[in-house]
Each structure stands twice: as structure tokens, then as C-alpha cells.
Amino acid sequence: MNKKSFGSRLVAAPYLVWAAIFVIVPLLMMAYFAFTNESGAFTLANISEIGRYKKAFGVSILYAIIATAITLVISYPMAYFMTKMKVSSQRMIMIIVMLPMWMNFLIRTYSWISILANTGLINTFLQSVGLPKLKLINTPGAVILGMVYDFIPYMILPIYSVMSKIDNSLLEAAQDLGSNGPSRLRRVIIPLSMPGVISGITMVFVPSVSTFYISQKLGGNKNWLIGDAIEYLFGMGPDYYNVASALSLVLMVMILLCLAVMSRFTDDDEGGVIV
Amino acid sequence: MKTFSRIYVALIILFLYAPVAVMVFFSFNSGSSVWIFDKFSVDWYKNILFDTAMMDGLKHTLTVAILSASIATVLGTAAAVGITALRKKVTRSFVTTVTNVPMMNADIVTGISLMLLFVFFGRMLGLSESLGFITVLIAHITFNLPYVILSVIPKLRQTDKNLHEAALDLGCTPVQAFFKVVIPSIQTGIFTGFIMSFTLSLDDFVISYFTCGHYQTLPVVIYNMTKKTVKPDVYALSTIVFLTIFVLLILYNIVQTKSEQRRNSRG
């Protein structure tokens, strides 16, 4: 027995070696670059440089929070309505929601330019009915719209999958005990769907706060996010790797702190935050 | 209430598909604008066949997706078997945490940390070019592994341990028992893991962007094209990719429904 389970544990060895080299070491490497200068000597200069990117950090967090909140408000009723449908339609709607996820997000983002541009579809329409043009592209609103659009399936799907597993007899029991619509929603459905909400929030917030493409395409040069700063610095070449590493390190710590706070709201220990 | 919920769902679907419709529509534009429609034409579709950058990108993307999904499926399935066999809870939760890291980290952090590793070793080995096919492949395997592991582990938990022991009692060697008993009972998990890895790999931009060097995958090619003004050729290419994935997804769904029906009829 012992021998057998030792053997089956051993098959995980290649993966563990892989994870050590390509998951843990790279993060240590990032920390090493963040705390050294170009010649490899210890320094705190990179970390203190971060002060110059305060605004980018602030804007990133603000936009990501707004986008996550909007996504949640739109997705929750959607997931709820989906669970009320026939099983066959539920399946179909799920495919419909998932499908855009597999379309490259660069293109999904870019298509919005066709819609929002100064001579784009919305403004062409407004002009044809005699209304004044609107400034839509290169605004904070466009960046947030891009985030909501790109990441909304990641909010709908986890909420839906948790909600669809809620035992119907619980809802009936609530009704028998005198809970009407709104209070049943507040006291039974919302608490039971919390794990889905939490993973949805995580899966929208993390890519939103760290994005750089959406802000470049829909935000022009004015909505500079932390992802843009990191991408820009890495693009400048090896001399800037140290500062860029420091920024990435801070971004990672910030995200992990957010996730740690979020995971306190769920008591699902083995599946981790994502499942 | 019923009508309201229908309208709501329809509006969300409209929101999800409006940009897709715009993309498909303008891919047939004869002019080179992506917001002023001129005449219907399929010229952009013909054009991309002769666009070497795009075709190379497509080739690179498919190569990396097939290889990384296959390698991650093998490594990840083995890892899942090993992780479920771990008896100490502390070790198991440590390994699970490490597995979750690439999923929790922002893509940009994963991409940059891997790039630093590759550049560091490249310098140590004195290579002139430290990024390329091998590095982007390693990066893709790394971010695919957690998805394979997390889709296989639940299936392993559901399988009856006695089956494996019965196979051993009936004279199977442990290896035979593994391939004849364990693998068939977790194959749906393995298949899901493979499909997820493949699609994630096809779609990845951020991690590839930092690790691919000159071996540009299609999303990186698209990124570089959209830095300049975009012509409908990118839309034409995306329409093709979109339709391919649509067909794959439908096929996957048919396979899944069939296997569920089989399970139901057996039970």
C-alpha cells in the first residue's frame, strides 16, 4: 500500500519541478530585479520611484472598481434570469455568453472603436437624425466600457453556476415559512450565491486593474493605467527592467492583498479562489 | 416579470454581440475604413492569405497551442494523480496554492516574471536572443497546467478507489491498472483540461507578448497591426477565427451531451 501511494505521488514530481522553476523562481527573479540596480547591487531606488506612478495606480484602481461594480450589477440579474429558464435554453444561453470570450480580446476591444469613434457608428447615427456629435472615444467612460465588455462573461458564468446549484427545496421552504419575493432574494438567494459573486469579482477586477490594451485603444493617451506604465518601461529596454519589476511587484502584492481580503468572505478552503 | 427577464437577457446578448456584428460587417467592406462602409467585397479575405506576417502568426499560434495543450495535459494529469495521493493536508494545500498562483496573478505579472527569468538565463548562457519559440511554449505550458489539474482532480475524487484495487487483485500491474481503469474514468476531465488549455493558449496575448521575442503569435501580430491604423483585414481574420471557435464549441457541446446521455442511460 505504502509503496503504491509513494509511486503515485512520484508522478507529480515533474510538475512540481516545473512549478518551482517556472512559477516560483520567476517571481523571486522579479523581486530580485526590483531591489537591485543595473549592476546587481542592492537598492531601494526602484521602490521609491513608484511615487511617480501614484496617479496611474490610483486611476487603475478607481476604474477597475467602477468597472467591477457595473459588471456585477448587470450580471447578477442576468445569472438569476438564466436559472429560471428551461434547462435546454440555459445551456444555449451559456454558450452564447461564453462564445465572445474565445474571440481575441484585442479585436473585441478594437471593434468598439468602430462604434465610438468621432466619425463612428453612434456619431454617424446622431448626425443623421440631426443631433450634435458626442465625444465618446478617449474618455474614462470608454475605458470602463471596454473593461465591462471584455470581462462580463467572467462575472455571469461563476454567479450562474453557483446559483443554478441552489437546492430548490430551500427556496420552497423559504416560501412556506412566509418569505416573499424580495426577502427570499435577500435572505436565501444572495447569501447562497456569494461564492460565485466573489469569484466573479476577482475574475473581473484582476484583469481590469492590470490591463494595458483597453486603455491604449479606448482611452487615448490621457487615461494612463499602471499596466501601460509597466508595458512602456519594459519596452524601453533592459535599463528599465528594474523599475518596471518594482512596479509589477507592487501591483502583484496589491492584487494578492485584495484577493486575501476577498477570500475571507468565503470558507471554501480547497478549491482556492477561482473555482 | 417573464417578459421583463426575456428583454433583459436579450439586451445583454445584444451588448455582447454588437461589436462582433460590427466586426463581421466591416470585414466585408471594400474600402479600408472600419467605420465607413463602402461596398460589399471579400477582398480582405483574399488579402490575408497572402499576408505572410498573419499567416506566420497563425502557424505559430497553432503550433504553440497544440504543443502546450498536449504537454500540459500529460504533465497536469500526472500531477493531479500525485496531488490526490498526497496524504498530509499541509503539503496538499501548499501544492494547491502554488498551482493557483498563475491563475490568480495578473497576466502581466506572469508574463513579466517569466520574461525576466528567460532574459536572466539567456544572459548567463551568453545567448544573443533569449526569447523565442521555446520560451513562449514554456510560458503557455505554465499557465495551462493549473486548468488541467483543476479539471482532473474533481474527476479523480469521484472515481471509486476500489476499482483500481480490484484491477490489481485481478493481476494488473499498477501501470496497467492506471491506463485501463483510472484513465478511462477521468477522461472527461482530461478532455476538458485539454480543450481549456488549447483555447486559452489560442487566445493569450499578454503573456505571449512578453515571452515570444520574434516568434510572434497571432494575437501579438494583431497587437502590432492595431498600433497603426487598422484596416478591415484584421476583422476578416478575426471573423475566420471566430467561426472556427464557434464550430469547435458546438462540436464540444455535442460530444458532452452525448457522453451525458450515455451516462444517464447506463445509470
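How many Å apart do the C-alpha centres of domain 1 of chain B and domain 2 of chain B lie? In this predicted model, the separation of these two centres is 21 Å.

1. Domains of chain B. The domain assignment of chain B places domain 1 at 53–222 and domain 2 at 229–267. Contact between them involves four residues of domain 1 of chain B and four residues of domain 2 of chain B. On the side of domain 1 of chain B that touches domain 2 of chain B, three residues are nonpolar, one is polar and none is charged.

2. Contact between the chains. Chain A contributes 68 residues to the contact and chain B contributes 61 residues. Several helices of chain A each supply at least two residues of the side that touches chain B, among them α1 (2–10), α2 (13–34), α4 (54–83), α10 (181–209) and α13 (241–263). The most comes from α2(A), which gives 13 residues to this side. By class, the side of chain A that touches chain B holds 49 nonpolar, 13 polar and six charged residues.

3. The pair α2(A) and α5(B). Helix α5 of chain B spans residues 107–124, and its axis and that of α2(A) come within 8 Å, crossing at roughly 85°. Angles of 65 to 115 degrees count as roughly perpendicular, and α2(A) and α5(B) are therefore roughly perpendicular to each other. From α2(A), the residues F22(A), V25(A), P26(A), L27(A), M29(A), M30(A) and F33(A) take part; from α5(B), they meet I112(B), S113(B), L114(B), L116(B), L117(B) and F120(B). The residues of this contact comprise 12 nonpolar, one polar and no charged.

4. The pair α3(B) and α6(B). Within chain B, helix α3 (residues 52–85) packs with helix α6 (residues 133–158) at an angle of about 45°, and the axes are 6 Å apart. The two helices, α3(B) and α6(B), are therefore oblique to each other. The crossing in which α3(B) passes α6(B) is right-handed. Residues of the contact of α3(B) with α6(B) fall into 19 nonpolar, seven polar and one charged.

5. Confidence in chain A. The average pLDDT of chain A is 87, and 94% of the residues score at least 70. Over residues 268–275 of chain A, however, the pLDDT is below 50, although this stretch has 16 contacts in the model beyond near neighbours in sequence. Where pLDDT is low, predicted coordinates should not be read in detail.

Notes. Residues numbered from 1 in each chain as written. Chains lettered and ligands numbered in written order. Predicted model: local features only at pLDDT ≥ 70, side-chain atom pairs only at ≥ 80, totals over all residues. Contact = placed C-beta atoms within 7 Å. Helix = DSSP H or I, 4+ residues; strand = E, 2+ residues; numbered from the N terminus. Nonpolar A, V, L, I, M, F, W, Y, C, P; charged D, E, K, R; others polar. Domains from an automatic or database assignment. Axes fitted to C-alpha atoms, helices over the stretch in contact; angles between N-to-C directions. Parallel < 35°, antiparallel > 145°, perpendicular 65-115°, else oblique. pLDDT = per-residue confidence, 0-100. Left-handed = near helix turned anticlockwise from the far one by under 90°.
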